[in-house]
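These are my notebook entries from a first pass through this structure. I wrote down what I looked up, one topic at a time.

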Amino acid sequence: MRIVADRERCVGAGMCALLAAEVFDQAEEDGLVTVLLPEPGPAAEAAVRRAVRTCPSGALGLA
Amino acid sequence: MNPLTDLPSTRAAGCPFDPPPELAAIREEAPIRRFRFPDGHLGWLVTGHELARAVAADHTRFSSRYELMHYPLADLGPMPPAPVGDLTGIDAPEHTRYRKLLAGKFTVRRMNQLAERVEEITAEHLDAMGRLGPPADLVSAFAQPVPALVICELLGVPYADRETFQRHAVALSGIGATVEEQSAAFGALQDYLRRLVEAKRATPGDDVLGDLAGSDLSDEELAGIGAFLLGAGLDTTANMIALGAFALFTWPEQVEALLADPARGVEELLRYLTIAHTGARSAVEDVELGGVRIAAGESVALSMQAANRDPARFADPDRLDLRREATGHLAFGHGVHQCLGQQLARIELRIALPALFRRLPDLRLAVPAAEVPMRDGMDVYGVHRLPVRWG
């Protein structure tokens, strides 16, 4: 599982950082998504999938 | 199927927390259907979760510009364009520019860093309420002032100005204020913010407005954004605190779940109460959606309160269950316009509501539930007053 994050689409709502804080963060200056763990392990999978599904701007995907 | 001519707006007697009951039947029959807006415009009403989410997510085919929109709740005549600084009623690229300037000020991490101050402000107001009561009006003693003071600190309103600022802000929030009072308060706030902007330009601080004073925003934009952030943040959190407390008086067995896991409990309260109950968009091109064809120029009303009770998305949706996983609700909207301040609201609610029930475990209504004045017919639902007692 590899995370694809589109910073052009991202609006910095913070849902990913809220739901999977060990995998996602928000950049200090613009609040947009930063992926801390581009290839998270199985332990994080459920939270990552929820974050991807919940993202309001559709900026996250899995490859 | 004939167009629906009245958006159901009357809640059932004795059920102040449930959407108007007709919405469930409408959603079951057709989660998107023809709807005659109060001004006569023939548009659409969406009541299903998946479709409401899809419309809100599609900001290229559905505009948020007020002047293209018909208002679903009343006939207000043609809508004026959004005032400068209002992020809700504009589209890309203007929206994108503002949103990207502001998103960094409301991140999960920055809001978490406010937790200690929110706890202090919460405790101070509980102390004051305890000294003056029982009884008390939970709205004016707690639900309104706590978020008002938090936003003051966040925006960077000087301490000495707080009282004036808060008085205008409370009138603007509409709780117990007439439209004229709200409009006067809006003007006074604009003047106030303009002066504040001048001060921030002279000596920028590390608060939101001080930070933005160093950006390329004009004075008018900066003042407008200040007014918008207040208007968007005060009304909503204040009403969620008060209506959330009222719901917990009604189902006291749920308090334990809130105290055990405030984050999870607050998401369910957000879903269940959906105080920002109705949104709208306007199609800018023809769109095929949910088996219908929405023509360019038609408005679409989004019943977020119906969507958040959609059994296709949430099992047993009409039951308040603070132990459920309610993530994915549309209480903050969806798409690029999803609430900018949602992480602030979460922190405030996760701190204020548990603190209230921890400090005053026997807190209860001081009047029969049927006598609590509800904000029926308002954009943001809630209570005007909440008489409580304890001890």
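Before naming any element, I note that helices (H or I, at least four residues) and strands (E, at least two) are DSSP runs, numbered from the N terminus. I am working with a predicted model, in which local features need pLDDT of at least 70 and side-chain atom pairs count only at pLDDT 80 or more, while totals for chains, interfaces and linings use all residues. Residues are numbered from 1 along each chain as its sequence is written, and chains are lettered from A and ligands numbered from 1 in the order in which they are written.

**Entry 1**

In the loop between helix H13 (262–273) and S5 of chain B I found B:Thr274, which is not a glycine and yet has a positive phi of about 30°. Is B:Thr274 buried or exposed? I count a residue as buried if 20 or more other C-beta atoms lie within 10 Å of its own, as exposed if 12 or fewer do, and as partly exposed in between, with C-beta atoms placed from the backbone. B:Thr274 has 24 C-beta neighbours inside 10 Å, so it counts as buried.

B:Asp316, also not a glycine, has a positive phi of about 45°, and I located it in the loop between helix H14 (304–307) and helix H15 (342–359) of chain B. With 8 other C-beta atoms within 10 Å, B:Asp316 is exposed.

I then looked up cis peptide bonds. One runs from B:Ala92 to B:Pro93, with omega near 5°, and B:Pro93 sits in the loop between S3 and helix H3 (94–102) of chain B. Another joins B:Gly133 and B:Pro134, with omega about 0°, and B:Pro134 belongs to the loop between helix H5 (115–132) and S4 of chain B.

**Entry 2: the sheets of chain B**

I take two strands as paired if DSSP finds at least two bridges between them. In what order do the 5 strands of the open sheet with mixed pairing lie? I read the order as S1-S2-S8-S5-S3 in chain B, with strand S1 (32–36) and strand S3 (62–63) as the edge strands, each pairing on one side only.

S1(B) and strand S2 (residues 42–46) of chain B run antiparallel and are joined by 5 bridges. Within this pair, B:Arg34 has B:Trp44 as its bridge partner, and B:Ile32 has B:Val46. The two strands form a hairpin with 5 residues between them, and in the turn B:Gly40 has a positive phi of about 100°.

An open sheet of 3 strands, with antiparallel pairing, has the order S4-S10-S9 in chain B. Strand S4 (136–137) and strand S9 (364–365) are at its edges with a single partner strand each, so one side of each has no neighbour in the sheet. Between S9(B) and strand S10 (residues 387–389) of chain B I find 2 bridges, and B:Leu365 has B:Val388 as its bridge partner in S10(B).

**Entry 3: helix packing in chain B**

For the angles here, axes are lines fitted to C-alpha atoms, for helices over the stretch in contact, and angles run from 0 to 180 degrees between N-to-C directions. Residues are in contact if their C-beta atoms, placed from the backbone, lie within 7 Å. The axes of helix H9 (residues 179–202) and helix H11 (residues 219–250) of chain B come within 9 Å and cross at roughly 130°. Among the residues that meet there are B:Phe186 and B:Leu189 in H9(B), and B:Leu222 and B:Ala223 in H11(B).

H5(B) and helix H7 (residues 145–155) of chain B pack at an angle of about 145°, with their axes 10 Å apart. The residues making this contact include B:Ile121 and B:His125 of H5(B), and B:Leu149 and B:Glu153 of H7(B).

**Entry 4: where the chains touch**

Last, I looked at the contact between the chains, which takes 19 residues from chain A and 17 residues from chain B. On the side of chain A, helix H1 (15–19) and helix H2 (45–54) are the elements that give two or more residues, and H1(A) gives the most, with 3 residues.

How values were computed: Two residues are in contact if their C-beta atoms, placed from the backbone, lie within 7 Å.
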